[in-house]
Amino acid sequence: MSSIFTPVNQKCLTNVAVVRMKKGGKRFEIACYKNKVISWRNKEEKDLDEVLQSRNVFSNVSKGQMAKKEDLVKCFGKDDQVEICKEILQKGELQVSEKERQTHLEAMFRDIATIVADKCVDPETQRPYPVSMIENSMRKAHISIKPNRASKQQALEVIKKLKEVMSIQRSLMKVAIDVPNGKGFKNKLKEMVSSVESEEFDSGTLRAVVLIDPGMLKAIDESVRQAKGTLNLLSLKEVQEGEEIL
């Protein structure tokens with residue numbers, strides 16, 4: 001029985017996610033692990049070996065055909081396959097089936113809705129919304145999901161768009177502020193915060209506990225620092241659960 005001949009420039013890979021790039025009239029592909037490409041692009045995964053199934057550049061992954069060295073040099077100006085893999089990984093097009101794409105988008109849609117529900121409340125009651133209500137509102141607002149961007153990044157944009165179809169705001173943060181000679185700082189502070197829970201003057205030092213929109217944290221912190229004061233975070237969010245404040 002004769003043996004089957006396998007060309008030395010072919011390598012068989014199965015169950016892969018393929019990232020493809022066309023450059024200089026040539027097609028180049030790399031073989032990756034599923035669900036790792038987006039993590040790499042979002043800088044959540046930094047170990048290249050956790051992303052790549054092979055540190056080789058292919059002309060066709062499914063056929064196991066390796067890219068020619070002369071093509072790599074001509075199109076990329078180098079033959080360092082690891083560096084070329086990184087470029088394709090970052091700039092190439094992730095090849096997925098329509099079913100996989102739809103499943104991924106549905107999972108991201110719910111993931112974003114869950115993040116929004118965790119970060120936001122009804123401004124009137126200060127109570128969180130159910131994830132299902134956030135999902136319905138996202139559909140009403142015709143929000144489209146971008147598969148190549150992180151869910152957390154998209155969630156912040158979704159919150160802004162949801163305000164067009166529902167009453168929603170970020171959960172307020174509780175911070176403690178101490179500002180020496182703070183009498184003149186009092187009015188400025190009230191303009192930047194959502195509400196003041198307590199305030200007192202101790203030998204001229206303003207001591208206040210306030211609720212703020214998370215988006216104002218940086219601006220308030222900078223103002224407090226300029227006034228030679230300090231800001232301490234007491235809780236990441238203030239929400240009502242039943243009759244209790246968590």
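These are my notebook entries on a predicted model of one protein chain.

**Conventions.** I number residues from 1 along each chain as its sequence is written. Local features need pLDDT of at least 70 and side-chain atom pairs count only at pLDDT 80 or more, while totals for chains, interfaces and linings use all residues, and side-chain values use heavy atoms, with hydrogens and water left out.

**Whole chain.** Of the 246 residues, 39% are buried; buried means under 20% relative accessible area, exposed over 50%, and partly exposed in between, with a 1.4 Å probe and protein chains only. The chain exposes about 15,100 Å², of which carbon and sulfur atoms supply 48%; the areas come from the Shrake-Rupley method with a 1.4 Å probe, and for residues only the protein chains shown count as cover. I then took the contacts (heavy atoms within 4.5 Å). Among those between residues at least 6 apart in sequence, 63% join residues at least 24 apart.

**Helix H4.** H4 covers residues 98–119, 22 residues in total. From its first C-alpha to its last, H4 reaches 31 Å, close to the 32 Å expected at 1.5 Å a residue; the expected span is 1.5 Å times one less than the number of residues. I noted Met108, Phe109, Ile112 and Val116 among the buried residues of H4. Their cover includes strand S6 (120–121), helix H5 (131–140) and helix H6 (151–162).

**Aromatic pair.** I found one aromatic pair in the structure. Rings of Phe, Tyr and Trp (its six-membered ring) pair if their centres lie within 6.5 Å; planes under 30 degrees apart count as stacked, over 60 as edge-to-face and the rest as tilted. The ring centres of Phe28 and Phe76 are 5.1 Å apart and the planes are at 70°, so I logged the pair as edge-to-face. Phe28 is in strand S2 (residues 26–32) and Phe76 in helix H2 (residues 69–76), so the pair ties together parts 48 residues apart in sequence. Phe28 is buried at a relative accessible area of 1%, and Phe76 also counts as buried, at 10%.

**Pocket and cavity.** I used a 1 Å grid over the protein atoms alone: a cavity is a set of points where a 1.4 Å probe fits but cannot get out, a pocket is an open set with protein on both sides within 12 Å along at least five of seven lines, and lining residues have an atom within 4 Å of a point. The largest pocket has a volume of about 590 Å³. Of its 28 lining residues, Asn35, Ile38, Leu94, Val96 and His104 are the closest to its centre. H4 gives the most to this lining, with seven residues. I counted one cavity of 30 Å³ or more. The largest cavity holds about 70 Å³, and its lining includes Ile143, Lys146, Arg149 and Glu157.

Leu94 lies in strand S5. Leaving aside neighbours within four places in sequence, I found Leu94 in contact with Ala17, Val18, Val19 and Val37. Ser195 is in strand S9 (residues 195–202) and is partly exposed at 28% relative accessible area. With the same exclusion of neighbours within four places, Ser195 is in contact with Val210 and Leu211.

Note on methods
Helix = DSSP H or I, 4+ residues; strand = E, 2+ residues; numbered from the N terminus. Points joined across faces, edges and corners; volume = space filled by probe spheres on them.
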